[in-house]
Amino acid sequence: MADIRTGRDAVEQGRFRAGSVTKAFTAAVVLQLAAEDRVDLDGPVRGHLPGTVPDRYGAVTVRQLLNHTSGIPAADGPGDSFEAQWEHRFDVTDPHAQIADAVAKEREFAPGTAQHYLNINYTVLGVLIEKVTGMRYEEAVGARILKPLGLYGTSFPGRTGTRIHGPHNRGYQAIPQADGSRELRDVTEWNSSDRWAAGDIISTTADLERFTVALFGGRVVPKDRLEEMFTVPDVRDQVSGEPAVMTAGLSRTVLPDGTVAWGKTGGRHGYNTAIGATRDLSRTLVYSVNATDAKGQAMNRVALGIVMAAFTK
């Protein structure tokens with residue numbers, strides 16, 4: 001249902017917070033700029049943003065930001081617990097302050113030697129897009145992707161925005177109670193400026209499907225640059241020790257039957273989203289589930305069932 005207070009039926013084409021699916025849009029804009037020779041993927045980030053990445057970090061490149069191999073650590077925030085984030089849900093975060101906080105720490109590893117999936121990489125890319133284009137990040141994505149593809153249900157709330165405008169299903173987080181029951185807390189209104197170019201987008205399943213098909217089909221990023229989104233760096237994940245799976249804006253998934261799918265998931269409190277497809281677009285999938293534990297470690301059961309039905313033979 002769209003609202004547990006009123007019992008209103010779910011909105012089939014409702015808007016939702018798509019979380020880290022935003023990274024696919026950010027990566028696409030950076031690769032467009034690379035195709036225009038306005039960004040050098042192998043050039044140091046400080047060439048575009050002097051003083052942003054300290055010399056002691058080494059020559060962090062734009063490509064290393066795209067595929068999470070930069071070694072830049074996460075910025076500090078309110079904490080990982082839901083309650084800590086809830087208390088700060090209306091805070092407005094400045095991306096420049098986030099970057100300064102992150103690079104004040106020691107690097108996690110030498111650039112290009114490991115992979116650690118962190119939002120800070122895409123925060124830096126958002127600032128890079130603004131510097132190169134002379135536009136606000138949201139305007140650049142709008143002009144380069146949203147408007148050309150007719151993604152009229154897709155938007156960014158902006159740094160101070162907290163609402164999902166237009167028809168939408170409300171989001172809820174399950175909060176365990178002392179008596180064993182659970183409270184469903186309404187988390188629909190939230191300021192996501194701390195995610196910004198890494199996870200601030202609002203969209204619909206129809207828009208995300210149109211974007212996915214256009215992206216994989218070479219109509220968003222020129223095909224010679226599109227390979228970046230299907231190239232996994234030959235390093236290991238810094239946390240798990242397993243081979244890397246993240247690319248520029250996407251990730252590679254091998255399903256139990258051997259099918260290889262490429263896509264991006266996104267989890268914001270109340271909403272669990274994903275885009276994905278096989279490389280040849282013979283199978284595509286976009287879903288949004290109103291998950292009551294969208295930031296949990298385990299994959300949502302409903303979402304897992306959808307993925308397996310869509311991609312396995």
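Is Arg46 buried, partly exposed or exposed? With a relative accessibility of 24%, Arg46 counts as partly exposed. The model is predicted.

**Helix H1**
- Helix H1 covers residues 22-35, which makes 14 residues.
- From its first C-alpha to its last, H1 reaches 20 Å. That is close to the 20 Å expected at 1.5 Å a residue.
- In H1, 13 of the 14 residues are buried, so the helix is largely enclosed by the rest of the structure.
- Asp37 follows H1 and has a positive phi, near 60 degrees.

**Nonpolar cores**
- In soluble globular proteins, nonpolar side chains tend to be buried together.
- Here the largest nonpolar core holds 66 residues. Phe25, Leu66 and Phe211 have the most contacts inside this core.
- H1 gives the core its largest share, 9 residues.
- Leaving out residues up to four places away in sequence, Phe25 touches Val141, Ile145, Leu146, Leu151, Ile201, Leu208 and Phe211.
- Another core lies apart from the largest one and has 9 residues. Leu255, Ala274, Leu285 and Val289 are among them.

**Helix H6**
- H6 has 13 residues, which should span 18 Å at 1.5 Å a residue. Its end C-alpha atoms are 17 Å apart, which agrees.
- H6 has a kink of about 40 degrees, centred on Ala143.
- Which residues of H6 are buried? They are Tyr137, Glu138, Ala140, Val141, Gly142, Ile145, Leu146 and Leu149.
- These buried residues pack against H1, H5 and helix H7 (205-216).

**Thr123 in helix H5**
- Thr123 sits in helix H5, residues 120-133.
- The relative accessible area of Thr123 is 1%, so this residue is buried. The cut-off for buried is under 20%.
- Thr123 touches Pro95, Gln98, Ile99 and Trp196, with residues up to four places away in sequence not counted.

**Salt bridges**
- The whole structure contains 16 salt bridges.
- Glu36 and Arg144 form one through their side chains, at 2.9 Å from N to O. This pair links distant parts of the chain, 108 residues apart. Glu36 is in the loop between H1 and helix H2 (62-66), while Arg144 is in helix H6 (residues 137-149).
- Glu36 has a relative accessible area of 38%, so it is partly exposed.
- Arg46 pairs with Asp55 in a salt bridge, and their closest N and O atoms are 3.5 Å apart. Asp55 has 64% relative accessibility, so it counts as exposed.
- Where in the chain do the partners Glu228 and Arg63 lie? Glu228 is in the loop between helix H8 (223-226) and strand E5 (251-254), and Arg63 is in helix H2. The two are 165 residues apart.
- The side chains of Glu228 and Arg63 meet at 2.6 Å, N to O. Glu228 is buried, because its relative accessible area is 16%.
- Glu36, Arg38 and Arg144 belong to one network, joined by salt bridges that share partners.

Technical notes:
Residues numbered from 1 in each chain as written. Predicted model: local features only at pLDDT ≥ 70, side-chain atom pairs only at ≥ 80, totals over all residues. Heavy atoms only, no water. Helix = DSSP H or I, 4+ residues; strand = E, 2+ residues; numbered from the N terminus. Expected span 1.5 Å × (residues − 1). Buried < 20%, exposed > 50% of the residue type's maximum accessible area, 1.4 Å probe, protein only. Core = buried A, V, L, I, M, F, W, Y, C linked by side-chain atoms within 4.5 Å. Contact = heavy atoms within 4.5 Å. Salt bridge = Lys/Arg side-chain N within 4 Å of Asp/Glu carboxyl O. Bend = angle between axes of the 7 residues up to and from the residue.
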